[in-house]
Amino acid sequence: MAERPVALTPPPGGYAEWLAELKTRIHTAQQRATLAVNRELVLLYWQIGRDILQRQEREGWGAKVIERLAHDLRAAFPDMKGFSPRNMKYMRAFAQAWPDTEFVQQAAALLPWGHNLVLLDRLPGPKTRRWYAAQALEHNWSRNVLVMHIENRLLERSGAAVTNFEARLPAPQSDLARESLKDPYRFDFLGLSEEAHERDIETALVRHVTEFLLELGAGFAFVGRQVLLNVGGDEFFIDLLFYHLKLRCYVVIELKAGAFKPEHLGQLGFYLTAVDRQVKDERDNPTIGLLLCKSKNKVVAEYALGDRGQPMGIAEYRLLESLPAELQTSLPSIEQIESELGDL
């Protein structure tokens, strides 16, 4: 009698759980191995770049040495990619940009080489590069997402909303809440004109909720649109409701198609009270409100928030916005970066 195939043989008790655990351990080991290989490769590139810099400075070697070195290394290691003249110049620029060995080991070497090239090509100095490198590591950004955030000037917009968080929230939650909001928010992906109405914007944001969450930033989870609240028998509807996983609180977002007016905060404050009483769990922190408007007078916004007892922020949104012409001409496109990486 033929033996039953192994796959059809009933496993012993507890086998399925053990197999699942082994799969997880193997997957984790694979990820660690990949990260280790990447780290060693980036460190190698940095060391080569540093050697080129030092020898050019000490021996007075010219740029032609890079061409010669690229030829000799490719001849010695024909199966190893990355020794093109272009990439050798990137190694030199990489070492020149990061002379600090400790930072390279702890941050830059943890990013893929392609990410480091984006930081070199797209950003002007070490302070800005450090910030984007840290964000890319913390949030596990892909290279395309990193490029998008650089193009959208995430650094300049982060923590720029007008808020009363410092006075209304305890530290360090107030700092985290402030850094979680931007100004302005860019909704270019909606394809709407500046004349779009509130409901049109709201509908489009929900339709493009993945891009919306990416623009809001890490930690935001979508709860619902036009969320019903019954207060004393009357019905009220919140435009957009989110939950922030790091802040451990609900975030109410209200949209205004026009300029900010102080009376807008009265409606937002009412919604915050209703969510705190009807939706919020006792383990959640106080609900935060974000008013998104087409424009605002910063001084008026600061005055309006001054006497509000609830944590609120006010920020503008942009439906259509392009990079300045000088940046468009000086920054390489994603396609150019892709082409350069393909030559490595």
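Reader: Over the face of which ring does Arg 130 lie?

Author: A charge sits over a ring if NZ of Lys or CZ of Arg is within 6 Å of the ring centre and within 35 degrees of the ring normal. Here, Arg 130 lies over the face of Phe 103, at 4.2 Å from the ring centre. The model is a predicted one, in which local features need pLDDT of at least 70 and side-chain atom pairs count only at pLDDT 80 or more, while totals for chains, interfaces and linings use all residues. Residues are numbered from 1 along each chain as its sequence is written, and side-chain values use heavy atoms, with hydrogens and water left out.

Reader: How many aromatic pairs does the structure hold?

Author: A pair of aromatic rings is described by the distance of the centres and the angle of the planes. Rings of Phe, Tyr and Trp (its six-membered ring) pair if their centres lie within 6.5 Å; planes under 30 degrees apart count as stacked, over 60 as edge-to-face and the rest as tilted. The structure holds 15 aromatic pairs. One of them, Phe 187 with Tyr 317, is stacked, at 6.1 Å centre to centre and 15° between the planes.

Reader: Where in the chain do Phe 187 and Tyr 317 lie?

Author: Helices (H or I, at least four residues) and strands (E, at least two) are DSSP runs, numbered from the N terminus. Phe 187 is in the loop between β2 (185-186) and α11 (198-207), and Tyr 317 is in strand β7 (residues 312-318); the pair links distant parts of the chain, 130 residues apart.

Reader: Is Phe 187 buried or exposed?

Author: Buried means under 20% relative accessible area, exposed over 50%, and partly exposed in between (1.4 Å probe, protein chains only). Phe 187 has a relative accessible area of 0% and is therefore buried; Tyr 317, at 2%, also counts as buried.

Reader: Why is the pair of Phe 212 and Phe 242 edge-to-face?

Author: The ring centres of Phe 212 and Phe 242 are 5.5 Å apart and the planes stand at 80°, so the pair is edge-to-face. Because Phe 212 lies in helix α12 (residues 209-216) and Phe 242 in strand β4 (residues 234-244), the pair ties together parts 30 residues apart in sequence. Both Phe 212 and Phe 242 are buried.

Reader: Which residues do ring pairs link into a cluster?

Author: The cluster linked by ring pairs consists of Phe 187, Phe 189, Phe 212, Phe 220, Phe 222, Phe 242 and Tyr 317.
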